[in-house]
Structure formats: structure tokens, C-alpha cells
Amino acid sequence: MQVLIAEDDRSSSIVLQGVLGALGYDVLAATDGQTAWELLRDNDCRIVISDWQMPRMDGLELCRRVRARDVGCYVYFILLTSRSGSHNLVEGLQAGADDFVTKPFDAEELRVRMKSAERVVSLESRDLIIFTLAKLAESRDPETGAHLERVREYVRILCKRLQDDKACRGKIDQDFIQLMYLSSPLHDIGKVGIPDNVLLKPGRLTDEEMDCMREHTVIGGTTLDAALASHPSASFLRVASEIAWTHHERYDGRGYPNGLAGKDIPLSGRIMALADVYDALTTKRVYKDAMSHETAREILLEGRGTQFDPAVVDAFLAGESDFLRIKKMLQDSEPLAPQATPALAPTAS
Ligand SMILES: [Fe+2]
Ligand SMILES: [Fe+2]
């Protein structure tokens, strides 16, 4: 694992590098905050040990910048300090520091703190598991390409814009955004329970088949609820369940599976609904061409207050340029054709 040391005191830096190197870490070192910041941008460092006072940028500012940047992975931040007193501790915590090591440091203490840092960083494998699960579900629905990657970015854009909305004030914080980002790829997990002849049918679905397809919300929601019952503290499962249940509900109450309306639909589901539809409209599927952003925008606007929460449509308009950026960046290379396992291939009728 790569670790960055930001320390202007040469002798202290050398000792730190020696201890961490002996513990098996791949160590990068900077002697000022600005250089540390640049190294962080260009390398995949998961743990930072930073001095408090440094030239060009102090440790607090470095920490704030690490917390403010938009990267998927969590960086564990340890502030190295000879200061003491609760005021400084609070200041460090407010900047986003995870832990503190007081100088002169004790090698054994540092080893133990690094272990706890590793534990936190490894929590991220949880995120990887979630995404793998979602990809597994998506593998049964191959026409969707990079749908999950795009949709979770769209969800994040909407959340950020909604932070400025009066109705959502106080409901959306960093934790909520992170949970939405983590959980949104699970929205269609229930599709694993839909038979191939419906899921992979190239033509229009009959009413009966449509009813069957709609069951993916119930299958997904129920499955995630069962997981949540055995792990009630796993907040991502709660959000994932909300999303699975409600991403096809409509603001006017004409959606499915429960016909919830307005604010009875959890905010997570209202956000997901727009992100999902925008992506479906603007990407090519076997049964339709991709619409332009402008046409999709018109459709979303028409659905303001009927299909979609007006506040979420407004958030889309405010973040339109970011939507376009993600759409361009995560384009599907080519339209994928549905594939069934041979034994279960749908008939061509
Ligand atoms: Fe769905
Ligand atoms: Fe979707």
C-alpha cells in the first residue's frame, strides 16, 4: 500500500520513511504541503501522514483539500503534531483528519495506528463488493453497457445540486451523497430474478411480460431488506433497498410497484428515477436509437411534477453541463446485443 509522508523536518521524515518502509509500505515523501498535494493527485496513496506546520501549505489545508476532492477512494489522514490540547484536536478533526500522532513518535504506536488506518481503508472493499454485485446483475441485461457507471455519477451530480434546494436543505450531506453513490448501482439488482424470455426479449413486451418485468423492483427491494434485517447498521443497504423499491415510482403516483406519490417516495428513489431515465433516453438500446441530450431534456421537463419531482428536474437543469460531461466521458463504445444462455434463449417470435 502506498503511503505519503508530508514533513518538512528532514530528520523526522527520514525516521518516518525508515519505520514505514520496514513495515512494508511503499513510501512517498514531500517536504511541503503543495508538493504533497501534487503527489497525491498523481499517485494512488491511501494513507497520508502529514505534519501540521509546513511551508507552502499546512497540514490542515492539505487535509481539507483531500476531503474536498472528488475521488472514489477514501484517503486516511494522520496529522503529525507536537501540539497538544483539545482545541487543536478539534481543528484537526474538523479539517477531516482521522488520527493524530504526536512528535516525537513511538515506532510501535505508529505501527498500531497504521494498522487501524489499513482497516478503515479496507472498508472500501465493501464498496467493491457492492459494485461487483451490481455488475453481476447487469450481466443478465447486457444491452445497458456502462449504465451503472454513468448513473451513479448522474446521481451524485443531482445530490450536489439538491443541496442548494430549500426543500432538501439538511437532508443531503456528504454521507448521503456517498451512500447514494455506493448504492445506486444496485437499483436493478432484482433483474436477476426475471426470466430470460422476458428480460432479454428483443421486441415489445406484452402486458403480462411487462408485469413480470416490473417485479424486479419487488425482488430487489425484498432481497436487500432481508440483508438489511441481518445487518441493520449497514446504512448503504437501507438506501439500496429504498432505491430498488422506488426508482420506478412516479411523482404523480402512477408509477410502480406501490403507486407512491410526491414526498412519500423517498428522496433517494426520486433522484434515482431521473438519473435512470436520462441514461435510458440518451443511450442506444437494441430496440431504439440514442436520443440527443436536448430531446431527453425536453422529455424530463415535460415530466416535471408528473413523472419526476420538480426539485430533481431543477437540479438536473442546474447540473446540465456536468451531465453532458459524464455522458461524453462514459460513452458506450458500441451498442451491445442481448445474449442469453443457449438453453434459455428466447424464441424469435
Ligand atoms: Fe429498474
Ligand atoms: Fe437502470
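Colleague: Which feature does UniProt place at Asp51?

Modeller: The unreviewed UniProt entry gives "modified residue: 4-aspartylphosphate" at Asp51. UniProt positions are in the numbering used here, feature names are shortened, and annotations may be inferred rather than shown by experiment. This is a predicted model: local features need pLDDT of at least 70, side-chain atom pairs count only at pLDDT 80 or more, and totals for chains, interfaces and linings use all residues. Residues are numbered from 1 along each chain as its sequence is written, chains are lettered from A and ligands numbered from 1 in the order in which they are written, and side-chain values use heavy atoms, with hydrogens and water left out.

Colleague: Why is Asp51 called buried?

Modeller: Its relative accessible area is 6%. Buried means under 20%, exposed over 50%, and partly exposed in between, with a 1.4 Å probe and protein chains only. So Asp51 is buried.

Colleague: Which residues does Asp51 touch?

Modeller: Leaving out residues up to four places away in sequence, they are Ala6, Glu7, Asp8, Gly59, Leu79, Leu80 and Lys103. Contact means heavy atoms within 4.5 Å.

Colleague: What makes Asp51 and Lys103 a salt bridge?

Modeller: The N to O distance between their side chains is 3.2 Å. The rule asks for a side-chain nitrogen of Lys or Arg within 4 Å of a carboxyl oxygen of Asp or Glu. The pair therefore counts as a salt bridge. Asp51 sits in strand β3 (residues 47–51) and Lys103 in the loop between β5 (99–102) and α5 (107–122), so the link spans 52 residues. Helices (H or I, at least four residues) and strands (E, at least two) are DSSP runs, numbered from the N terminus. At 23% relative accessibility, Lys103 is partly exposed.

Colleague: How many salt bridges does the rule give?

Modeller: The count is 24. Among them is Asp309 with Arg270, at 2.7 Å, N to O. Asp309 is in the loop between α13 (293–302) and α14 (310–318), and Arg270 is in helix α12, 39 residues apart. Both Asp309 and Arg270 are buried.

Colleague: How do you know that Arg297 and Glu320 tie together separate parts of the sequence?

Modeller: Their closest N and O atoms are 2.7 Å apart, which makes a salt bridge by the rule. Arg297 lies in helix α13 and Glu320 in helix α15 (residues 320–329), so the tied parts are 23 residues apart in sequence. Arg297 is partly exposed at 29%, while Glu320 is buried at 17%. In another place, salt bridges with shared partners join Glu7, Asp51 and Lys103 into one network.

Colleague: What is the strand order of the open sheet?

Modeller: The order is β2-β1-β3-β4-β5, five strands with parallel pairing. Two strands pair if DSSP finds at least two bridges between them. Strand β1 (residues 2–6) and β2 have five bridges, in the parallel sense, so they pair. There Ala6 stands opposite Ala30 in β2.

Colleague: Why do β2 and β5 stand at the edges?

Modeller: Each has a single partner strand, so one side of β2 (26–30) and one side of β5 have no neighbour in the sheet.

Colleague: Which strands does helix α3 lie across?

Modeller: Helix α3 (residues 59–68) lies across β1, β3 and β4 (76–81), at about 175 degrees to β4. Axes are lines fitted to C-alpha atoms, for helices over the stretch in contact, and angles run from 0 to 180 degrees between N-to-C directions.

Colleague: What are the protein donors of the iron ion (ligand 2)?

Modeller: His147 (NE2), His187 (NE2) and Asp276 (OD), 2.1 to 2.2 Å from the ion. Donors are N, O and S atoms within 2.8 Å of the metal (3.2 Å for Na, K and Ca), so these atoms qualify. Water is not among the atoms, so sites may look incomplete. The sequence spacing is H-x39-H-x88-D. His147 is in helix α7 (residues 147–162) and Asp276 in helix α12 (residues 267–282), so the pair ties together parts 129 residues apart. His147 is buried at 5%, and Asp276 is buried at 9%. The iron ion (ligand 1) is 4.9 Å from the iron ion (ligand 2).

Colleague: Why is Asp279 called buried?

Modeller: Its relative accessible area is 0%, so Asp279 is buried. Asp279 is in helix α12. Beyond neighbours within four places in sequence, Asp279 is in contact with His147, Arg150, Val151, Tyr154 and Arg285.
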